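My notes follow in the order I took them.

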Amino acid sequence: MSQPFVVSNTADALAMTEITKRFGDTLALDRVSFRVRPGTVHALLGENGAGKTTLMRIAFGLSAPDSGTIAIGESSGRPASTAGAIAAGLGMVHQHFTNVPAMTVAENVALGARGGFHSADAARRVRDIASSTGLSLDPAARAGELPVGAQQRLEIVKALARGARTLILDEPTAVLAPVEADELLVWLRRFADAGHSVVLITHKLHEALRIADDVTVLRAGRVVLSSTAAGMTPAQLANALLGEDLSVAERGPSAAIGIATPLVLRAQRVDVIDERGARVVRDASLEIRRGEIIGIAAVEGAGQQQLLRILAGRVPVATGQIDLPESIGFIPEDRHRDALVLDFSLTENLALKRAGARRGRVRWQELRARASSLIQRFDVRGGQPETPARSLSGGNQQKFVIARELDGDPALLVVENPTRGLDIRAARAVHSRLTAVAASGTAVVVYSSDLDEVLALASRVLVVHAGTVREVVMDRDAVGRAMLGVA
């Protein structure tokens, strides 16, 4: 097998040549060559399972190629390892977090560094990086208590603290509010303009074309497009991604539901107190009717997570009254942490639904048959009833979670960032499923950090700001201002 790192005089920040990788009988990468020029942002695109993350994991030393060569800048002759990649100036921000939940932000940033730990120095480092990026973090906060968007910001700060000159970011804006995503993209452009390099893995084509200098598209483990980004259109990228002509225009919002339609949920002057004693939802009143899609818009940490969980019946209210339906499906934004046990089979994960509420023996044969039916109905590819959830791609994991939560036709479905990390095809499949579910009579509440997704799906929008909830007219600027608390 070829040495993964080679002596190189290349001017490329990252050069990967003829990379091939198999997992059993699956050819994940087929002679892929990928080069990143210094001072550029290079967008790496492809469907879920196309090989993007596998290619970058190889670059970062987390996986070895079966053949091919890699050079990071002027790297020379060391064995492939994450430590070697970091020493050569490569940093990777993973889609699924690698933070240690019990440690503080400062401790996570300092983790892996040489020498003694000095909390004041580590905290100062966090503040310095946060100041330059706009990604503010409390150095003393515990990572496990941070909202998802802040955990993503911590991953970025960690990579920068280790001296990365070339940054690989896997869906970095997937959990950020629009303002936060804009700030990050502006910073990435500045980072590249300063002579550094960025590999941006994203499913947001407009985002890629907004800041990328170069673009590479993978399909089924092969490079199908490698070009400068100038002059490219979203439609051209979508065609390369999918191998077919697919319009990237979004659907319009759902039709409004009349007041004569039966109520599914009513909340009156509800407050929620978190474990620290803070009132995170205050005096919230709302009604949800059969068959409508309610969009929730908010910046990170505004109280939307707690609101969604009281609507899903997962969190009790401190004051006020809420009338919930008997059957509720809940799809949390972090499927790895909150929706699946990755080492359990799909059948075992199906058995987790309503865990603690059921009584009697588990009928495994019936569950396996139900899992098989859901896998087929929801097109969960690569899965069988006994397949571990971990072995599925992110898109197919999400399909299975949706299938499980829709099993039994719940009266209410609460969904949090439903297309996070999904490609165009998978995201559209989720959107179609949500609109079909609403058309069948299920009430749907959907929160997304992508405001355009909220507006594309919903018939009404509720904005959460500083724990307060109010309905806002279906206008992007009006919703955006309300998210920031601007009248």
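I began with His 94 and its surroundings. Beyond the neighbours within four places in sequence, His 94 is in contact with Phe 60, Leu 62, Gln 152 and Asp 170. I placed His 94 in the loop between β5 (90-93) and α3 (105-110). Is His 94 buried or exposed? Its relative accessible area is 15%, under the 20% cut-off, so I noted His 94 as buried. I keep in mind that this is a predicted model.

I found three strands in an open sheet, ordered β2-β1-β4, with antiparallel pairing. Which strands stand at the edges? They are β2 (26-36) and β4 (67-72); each has a single partner strand, so one side of each lacks a neighbour in the sheet. From one strand to the next, the twist averages 20°. I then checked the β1-β2 pairing. Strand β1 (residues 14-23) runs antiparallel to β2, and seven bridges join the two. Opposite Ile 19 I found Val 32 in β2. I also looked for a helix against these strands. Helix α1 (residues 52-59) lies across β1, β2 and β4, and runs at about 115° to β1.

I searched the whole structure for aromatic pairs and got one. Trp 187 and Phe 191 make up the pair, which is stacked, with 4.9 Å centre to centre and 25° between the planes. Why are they about one helical turn apart? Both belong to helix α6 (residues 178-193) and are four residues apart, which means a separation of about one helical turn. I noted Trp 187 and Phe 191 both as buried.

Then I went to the nonpolar cores. The largest has 32 residues. Leu 340, Phe 378, Leu 413, Val 415, Leu 434 and Val 444 have the most contacts inside it. I listed the elements that give two or more residues to this core: α11 (346-351), α12 (364-377), α13 (394-406), β15 (412-416), α14 (424-439) and β16 (443-447). I followed up Val 444. Leaving aside neighbours within four places in sequence, Val 444 is in contact with Glu 292, Ile 293, Ile 294, Leu 413, Val 415, Leu 434, Val 437 and Ala 438. Another core, of 30 residues, lies apart from the largest one; Val 281, Ala 312, Ala 443 and Val 445 are among its members.

Last, I went back to Phe 378. Arg 433 lies over the face of its ring, at 4.0 Å from the ring centre. Phe 378 is also one of the core residues with the most contacts.

How values were computed: Residues are numbered from 1 along each chain as its sequence is written. This is a predicted model: local features need pLDDT of at least 70, side-chain atom pairs count only at pLDDT 80 or more; totals for chains, interfaces and linings use all residues. Side-chain values use heavy atoms; hydrogens and water are left out. Two strands pair if DSSP finds at least two bridges between them. Axes are lines fitted to C-alpha atoms, for helices over the stretch in contact, and angles run from 0 to 180 degrees between N-to-C directions. Contact means heavy atoms within 4.5 Å. A nonpolar core is a set of buried Ala, Val, Leu, Ile, Met, Phe, Trp, Tyr and Cys residues joined through side-chain atoms within 4.5 Å. Buried means under 20% relative accessible area, exposed over 50%, partly exposed in between (1.4 Å probe, protein chains only). Rings of Phe, Tyr and Trp (its six-membered ring) pair if their centres lie within 6.5 Å; planes under 30 degrees apart count as stacked, over 60 as edge-to-face and the rest as tilted. A charge sits over a ring if NZ of Lys or CZ of Arg is within 6 Å of the ring centre and within 35 degrees of the ring normal.
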